[in-house]
Amino acid sequence: MADQIRVLIVDDIPETRDHLTKLLGFETDIEVVGAAASGNEAVTVASQVKPDVVLMDINMPDMDGIAATEKLSAQVPTASVVMMSVQGEADYLRRSMLAGAREFLVKPFSSDELTASIRQVYTREQEKLSRMSAMPVAGVPVGASSNGTEDGGRDGQIIAIFSPKGGVGRTTVAVNLAVAAATELGKSVVLVDGSFQFGDVGVLLNLNPKNKSIADLVPELDAGEADSLDTFVINHSAGIRVLLAPPSPEMAELITPAGVRRVLDALRHGHDLVIVDCTSWFNETTLAILDAADLVLTMLSLEITSIKNMRLFLEVAEQLGYEQDKIKLVLNRADSSLGIRVSDVESSIGRKVDHTIVSDGRSVVYALNRGVPFFLSNREAQVSQDILRLAQAVAGERVAMPREDVRKTAQKKSLFSFR
Ligand SMILES: Nc1ncnc2c1ncn2[C@@H]1O[C@H](COP(=O)(O)OP(=O)(O)OP(=O)(O)O)[C@@H](O)[C@H]1O
Ligand SMILES: [Mg+2]
């Protein structure tokens with residue numbers, strides 16, 4: 001291999017630093033370019049030697065590994081951190097990933113595990129950099145937090161994640177798709193919880209429900225206070241921005257279809273992607289979101305009820321004048337052992353499934369319970385790869401808005417008997 005992977009070792013115990021240095025000394029494609037005994041020293045040394053990968057101990061006196069990782073993400077963003085810990089505790093994992101670590105190794109680990117992690121993290125970073133340099137607009141770095149709103153004139157794409165049946169994975173896909181588009185494709189992404197009564201986005205991202213929500217924003221925009229978006233949109237350390245659903249269901253009533261439209265218009269201005277996690281309740285606000293969307297990722301599962309509702313939804317979408325291309329079908333939890341094949345689904349609904357996402361309860365539920373998107377904590381899993389493929393396919397795709405003249409109020413009304 002021509003390029004060597006430059007590694008910095010950070011651990012407060014001298015024997016561990018020596019041991020790791022010796023282990024890595026056997027690898028021809030890895031070079032140890034420095035060592036540090038504390039978080040503070042790690043930041044200083046990394047700024048000088050510019051390592052590709054930092055092996056970071058989590059427990060250290062002065063600044064711990066998590067705080068050091070946070071500083072490194074800001075000061076030496078080209079260095080990818082592999083966190084090392086004696087405890088595999090969920091909270092440690094979550095905090096490390098949110099601080100910007102790319103991998104998590106639990107001590108004691110084998111030399112194979114160590115070198116595989118270093119190579120994986122390095123390769124992934126290289127792939128990401130080459131993708132970002134190939135993009136026409138310089139990629140927005142992870143933490144696309146800077147200027148979601150006041151950037152001049154750039155109008156992004158609205159992607160609605162919808163399904164005519166609950167529990168098929170809309171929130172899971174919306175959150176991970178947003179993170180994938182931000183971290184891997186360099187897009188500036190705002191994720192909107194459009195499930196106004198019982199939104200789950202905050203739970204998956206471990207956000208405090210006391211944060212401001214869309215219910216606070218709608219009246220501000222109605223009053224013409226367009227400058228105030230940043231007060232309501234949360235910068236999440238997973239590299240995305242988030243507009244939460246109201247903390248209590250009754251507040252959903254404050255959100256009108258016109259209000260939603262104004263919010264989406266304001267958000268699309270200055271973000272590459274506005275991803276909206278919709279409800280499966282087909283009401284006026286959901287309809288406003290679907291109308292405004294450039295693309296509706298409509299999710300289904302291999303269940304007969306989901307397939308039946310999808311058939312109905314496609315009929316309604318046609319009546320509403322949505323272009324065929326505006327709707328993409330995403331089959332979630334695709335698993336061949338469920339007694340229904342993808343081809344059965346396609347012939348039943350008379351349409352091809354556009355994207356599939358594998359079923360992986362282990363990665364998905366583990367991530368859910370820890371408040372870290374699986375796309376960050378388990379990047380290698382098939383389910384993450386499927387999400388990335390989906391992100392690559394949809395980010396940038398734009399379809400014309402439906403013509404107003406083809407929509408009729410009566411048709412809209414028919415939606416309410418839909419579920
Ligand atoms: N690809 C997958 N593999 C395994 N489990 C999955 C997958 N996608 C989603 N799940 C699980 O299915 C359940 C429902 O997912 P999620 O909450 O994202 O669906 P939803 O459509 O947003 O539901 P709701 O109607 O409650 O809003 C969750 O327990 C989630 O962990
Ligand atoms: Mg949901």
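Arginine 102 is partly exposed, at 25% relative accessibility. This is a predicted model, by the way. Arginine 102 has a partner: it forms a salt bridge with glutamate 125, and their closest N and O atoms are 3.8 Å apart. Glutamate 125 sits at 9% relative accessibility, so that residue counts as buried, the limit being under 20%.

Where are the two in the chain? Arginine 102 is in the loop between α4 (90-99) and β5 (103-106), while glutamate 125 belongs to helix α5, residues 111-133. The pair therefore ties together parts 23 residues apart in sequence.

Stay on α5. Arginine 124 in that helix pairs with glutamate 380, in the loop between α15 (374-377) and α16. The N to O distance in this salt bridge is 2.6 Å. Arginine 124 is buried, with a relative accessible area of 10%. Glutamate 380 is partly exposed, at 34%.

The loop between α15 and α16 also holds arginine 379. Its side chain meets that of glutamate 184 in a salt bridge, 3.3 Å from N to O. Glutamate 184 lies in the loop between α6 and β7 (189-194), and 195 residues separate the pair. Both residues are buried.

How many salt bridges does the model have? The count comes to 14. Asp11, Asp57 and Lys107 are linked in a network of them.

α16 runs over residues 382-394, which makes 13 residues. From first C-alpha to last, the helix reaches 18 Å, close to the 18 Å expected. Its buried residues include Val383, Ile387, Leu388, Leu390 and Val394. Ser384 and Asp386 are also among the buried ones.

Now the ligand. Which residues come nearest to ligand 1? Of the 15 around it, they are Gly167, Arg170, Thr171, Thr172 and Asp360. By class, the shell has four nonpolar, eight polar and three charged residues. Three elements each supply at least two shell residues: α6 (170-183), β12 (327-334) and α14 (361-370).

On to polar contacts. A nitrogen atom of ligand 1 is 2.9 Å from a polar backbone atom of valine 358. Aspartate 360 places a backbone N or O atom 2.9 Å from a ligand nitrogen. Arginine 333 uses its side chain: an N or O atom there is 3.3 Å from a ligand oxygen. How much of ligand 1 does the protein cover? It covers 79% of the 630 Å² of accessible area the ligand has on its own.

Notes. Residues are numbered from 1 along each chain as its sequence is written. Chains are lettered from A and ligands numbered from 1 in the order in which they are written. This is a predicted model: local features need pLDDT of at least 70, side-chain atom pairs count only at pLDDT 80 or more; totals for chains, interfaces and linings use all residues. Side-chain values use heavy atoms; hydrogens and water are left out. A residue is near a molecule or strand if one of its heavy atoms lies within 4 Å of it. A polar contact is a pair of N or O atoms within 3.5 Å; within protein, one must be able to donate a hydrogen and the other to accept it, and residues adjacent in sequence count only if both atoms are side-chain atoms. Accessible areas come from the Shrake-Rupley method with a 1.4 Å probe; for residues, only the protein chains shown count as cover. Helices (H or I, at least four residues) and strands (E, at least two) are DSSP runs, numbered from the N terminus. Ala, Val, Leu, Ile, Met, Phe, Trp, Tyr, Cys and Pro count as nonpolar, Asp, Glu, Lys and Arg as charged, and the others, Gly among them, as polar. The expected span of a helix is 1.5 Å times one less than its number of residues. Buried means under 20% relative accessible area, exposed over 50%, partly exposed in between (1.4 Å probe, protein chains only). A salt bridge is a side-chain nitrogen of Lys or Arg within 4 Å of a carboxyl oxygen of Asp or Glu.
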